[in-house]
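Q: I've got a chain on screen and want to get to grips with its pockets. Start me off with how residues get sorted by type.

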Amino acid sequence: MKLSAFAKIAAIGGIAALTLTSCAANEGGSASGSEDSGTTSSLSGELVGAGASSQGSAQEVWVAGFQTANPDVTVNYEPSGSGAGRETFQQGASAFAGSDRAFKTDEISAGPFDGCATGDIVEFPAYISPIAVIFNIEGVDSLKLDAPTVAKIFSGEITSWNDPAIADQNPDVELPESNITAVHRSDDSGTTGNFTEYLAAAAADDWTVGSIETWPTEFGGEGAQGTSGVVSAVSNGTGTIGYADASQAGDLGTVDIKVGDEYVPYSPEAAAAIVDASSMEEGRTEGDLAITLDRTSTEEGVYPIVLVSYLIGCAEYEDAANAELVKSYFSYIVSEEGQTAAQESAGNAPISEDLRGQVQTAIDSIS
């Protein structure tokens, strides 16, 4: 097992070692963060997860709520990035993963999943958020850009802020003559995968490398580790532009993206709209709820650069105790209480009631 790259996670406690004083504790009160349930939790132990840094703020809220209802449980989530999280989960060094994309079907077939009793996994959308295109230009709070222009900026074809492609879409903005520094994720990132999937779909003539999680070195730009790294690099630079989970945009300038004939600013509502208009991927097992997003939608009010971040666990765990705690934690996350708590803290879009029903069925199937 190759765990050297994940020493920090191993130090936290490796795969979740749980003790259940009552197997019935995963139902009722233990699945909820509410202190009003009237049920005393008998869950105890440690649960380790790793993955998408986009979920970082939401995970902090979920962990706090779940541990309040289950005071003898410790949940540790390492926001190491989607790719690292999936690999850690596959190696059995974490009991669950967060990822800004679902496993591909050929990846599932190839395996292995060392903490699982079978080769089947459960994965479902748990965190839905727009990806903001953020920038730092003195005196400019907002820009309007279409997909081809965004693609050319991040591929290095457009290099100055007063380029006609930008200026023509922003006639009322005084743009500097300075160079553009495009900041990208240096780590294997599901956020990059979602961002480039949008570019590949909406600007195919200008973005020809498809949906990728590892940034092409030939495009240049400045690399930064994780969501926080990108935001920091854009904030501390001059004439910088990047992409990040919108909840982390802070006071930076943001881009309204052209959809049809209109420019749409990011919002949780606009992100939720495109998810509700999309369909489940075909060829998946019943517990594998991967969504195919319509990145080229021209419906009114839709924001197309959206991140659907997944939670991933085993369909059947080697240790039944792991299954009970993962089921309880996952159930709290997708509950109305858990989703509302994350929205208030991280600004994501709660999953819809219809989707929640499908997700809970998948969670209930974990054994």
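A: Ala, Val, Leu, Ile, Met, Phe, Trp, Tyr, Cys and Pro count as nonpolar, Asp, Glu, Lys and Arg as charged, and the others, Gly among them, as polar. With those groups, the second largest pocket has a lining of six nonpolar, four polar and three charged residues.

Q: What should I know about the model?

A: This is a predicted model, where local features need pLDDT of at least 70, side-chain atom pairs need 80 or more, and totals for chains, interfaces and linings use all residues. Numbering runs from 1 along each chain as its sequence is written, and side-chain values use heavy atoms, without hydrogens or water.

Q: How many helices and strands are in the chain?

A: The chain has 12 helices and 14 strands. These are DSSP runs numbered from the N terminus: helices are H or I with at least four residues, strands are E with at least two.

Q: Let's follow the chain past α7. Where is valine 209?

A: Valine 209 is in the loop between α7 and β8 (222–224). Its relative accessible area is 30%, so it is partly exposed. Buried means under 20%, exposed over 50%, and partly exposed in between, using a 1.4 Å probe and protein chains only.

Q: What does valine 209 touch?

A: Pro216 and Phe219, once residues up to four places away in sequence are left out. Contact means heavy atoms within 4.5 Å. Serine 155 sits 54 residues from valine 209 in sequence, and 9.8 Å from it in space, C-alpha to C-alpha.

Q: What about alanine 273? Where is that?

A: Alanine 273 is in helix α9 (residues 268–276). It is partly exposed, because its relative accessible area is 29%. Past its neighbours within four places, alanine 273 contacts Gly301 and Val302. Glutamate 300 is 27 residues away from alanine 273 in sequence and 9.4 Å in space, C-alpha to C-alpha.

Q: Zoom out. What share of the chain is buried?

A: Buried residues make up 57% of its 367 residues. As for contacts with a separation of 6 or more, 75% link residues 24 or more positions apart. For one case, phenylalanine 330 touches Phe96, Phe124, Leu311, Ile312, Gly313, Ile363 and Ile366, leaving aside neighbours within four places.

Q: Last one. Which residues does a cis peptide bond join?

A: Glycine 111 and proline 112, with omega at about -10 degrees. Proline 112 is in the loop between α4 (105–110) and β5 (121–136).
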